[in-house]
Amino acid sequence: VNETIARAVEVLRENDHGDYTIPTKGLYPFQWNWDSCLTALGLAHYDEARAWTEIETLFAHQWPDGMVPHIVFHVLNDSYFPGPEIWRTNRPTATSGITQPAVAGFAVRRLFDRAKDKELAAERARALLPKIDAWHRWFYENRDPRGEGLVAIIHPWESGRDNSIDWDDAFERVPTEGVEAYTRRDTLHADPAHRPTKAQYDRYLWLLQHFRALGWDNAKLHDASPFQIVDPGFNAILIRSAADLADLAETLGEMEIAKANRARAEKGLLAMERLWSDAHGQYLCLDRVIGKLVDSASVGGILPVFSAIPKPRIAAIAATIERIAGKARYIVPSHDLDDPRFDAKRYWRGPVWLVVNYMIADGLAASGHTQVAQRITRSSVDLIAESGFAEYYDPLSGEPLGGGRFTWTAAMVIEFLK
Ligand code: DGY
């Protein structure tokens, strides 16, 4: 165990750029939003001050409207596409123009709860509270314009689950006319068979160009997007972060922030019911443009156990995971193996991701489903032992996939083993 933790720390140190950590060399040479927040948990095991800095650096690049971008381009590096010259967001330090799962509230609370240096933690957390609160407000104002209690993503990259089967039908609606010629770089660093397809990249870029043409004005983007998906996993992370931020704000005597975030979490939890599917024993995405649930059983619908959903829903999801565990050697795959569109190696269409495992196991353990939680932890630890710190893993063979020496995988391993 100690040796594995030492190897994980080595990965974190290798990718540490002083005040932020890159996900991996080559493939992802900048700072990514949710990568950083989850990485901070791993950093805290050996350097608490450095862990706070990781999140502070991200929030130093928050937009004036409250959005926290999904990439901060701290340096010039042409090993990644699309770079700042494509996004053109006109920020002092270049950033992308879309966001990512809002896991910061959860991460900051966890850092605070575990901190050995409570004084440092209180000071650093207090400064972050209003910024995270502003991001949450931004979400509900801009991505839930009709006040339904759930926010939509307007680009698959926002979900973090870039090429999930969940987006396939909605992507039919995204045109590709007018996409500027481009050269991908990701396929130089990772096997193209494990990455999104060209047809998907064309649509990722069409959306990017569409939003850029609207001047990255968040007041306009949601309604102008042909892609508006209410992702249960994305919302659950935001709901959990809002609840955690409310608790933390209470502890620190910031009652306004506590109240606002408690209300967001409660409204979100009620609204989540609309996404439940008895047939699948999990939640599903809602395609907001057509007002219909998406018939696609992905891990996005299992992730809500990370938030305080009703007990019977958690029990049903635990049973769903056990059913899946009967077919996959390693859990939790990013898509149900019974779906003919499942692909064991292609990014978010089947592979196992340790960050997702971490959040699912955390929620299950907290609600008393310890056996399933332990099973997920065991799968995660086995994958590391057998295949190293990969970006993601084949749930059938355990084969390492995507980028190697991956930061958040290493951070999660430290979390699982400590
Ligand atoms: C990528 O480029 O693959 C990223 O997931 C987008 O953030």
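Colleague: Which residues surround the ligand?
Modeller: His70, Trp157, Asp162 and Asp186 surround the ligand, where near means a C-beta atom, placed from the backbone, within 6 Å of the molecule. This is a predicted model: local features need pLDDT of at least 70, side-chain atom pairs count only at pLDDT 80 or more, and totals for chains, interfaces and linings use all residues. Residues are numbered from 1 along each chain as its sequence is written.

Colleague: How does that shell divide into nonpolar, polar and charged?
Modeller: One nonpolar, one polar and two charged. Ala, Val, Leu, Ile, Met, Phe, Trp, Tyr, Cys and Pro count as nonpolar, Asp, Glu, Lys and Arg as charged, and the others, Gly among them, as polar.

Colleague: What pLDDT does the protein average?
Modeller: The average is 98, and 100% of the residues score at least 70; pLDDT is the predictor's confidence in each residue, from 0 to 100. The model scores are ipTM 0.90 and pTM 0.98.

Colleague: Helices next. How many residues of H5 are buried?
Modeller: Nine of the 11 residues in H5 (residues 104-114) are buried. Buried means 20 or more other C-beta atoms within 10 Å of the residue's own, exposed means 12 or fewer, and partly exposed is in between, with C-beta atoms placed from the backbone. Helices (H or I, at least four residues) and strands (E, at least two) are DSSP runs, numbered from the N terminus.

Colleague: What do the buried residues of H5 pack against?
Modeller: Helices H2 (33-43), H3 (48-59), H6 (118-142) and H12 (232-251). The buried residues of H5 include Phe106, Arg109, Arg110 and Phe112.

Colleague: And H10, how far does it reach?
Modeller: H10 (residues 198-213) has 16 residues and reaches 22 Å from its first C-alpha to its last, close to the 22 Å expected; the expected span is 1.5 Å times one less than the number of residues. Among its buried residues are Tyr201, Arg203 and Trp206. The buried residues of H10 pack against H4 (84-87), H7 (156-159), H8 (168-171) and H11 (218-224). Gly215, with a positive phi near 70 degrees, follows H10.

Colleague: Trp167, buried or exposed?
Modeller: Trp167 counts as buried because it has 27 C-beta neighbours inside 10 Å. Its place is the loop between H7 and H8. Leaving aside neighbours within four places in sequence, Trp167 is in contact with Pro156 and Ile229, contact being C-beta atoms, placed from the backbone, within 7 Å.

Colleague: What is the strand order in the open sheet?
Modeller: E3-E6-E7, three strands with antiparallel pairing. E3 (229-230) and E7 (292-293) stand at the edges with a single partner strand each, so one side of each has no neighbour in the sheet. Strands pair if DSSP finds at least two bridges between them, and two bridges join E6 (residues 286-287) to E7. Leu286 stands opposite Leu293 in E7.

Colleague: What is phi for Tyr347?
Modeller: Positive, about 60 degrees, although Tyr347 is not a glycine. Most residues other than glycine have a negative phi. Tyr347 is buried, with 25 other C-beta atoms within 10 Å.

How values were computed: Contact = placed C-beta atoms within 7 Å.
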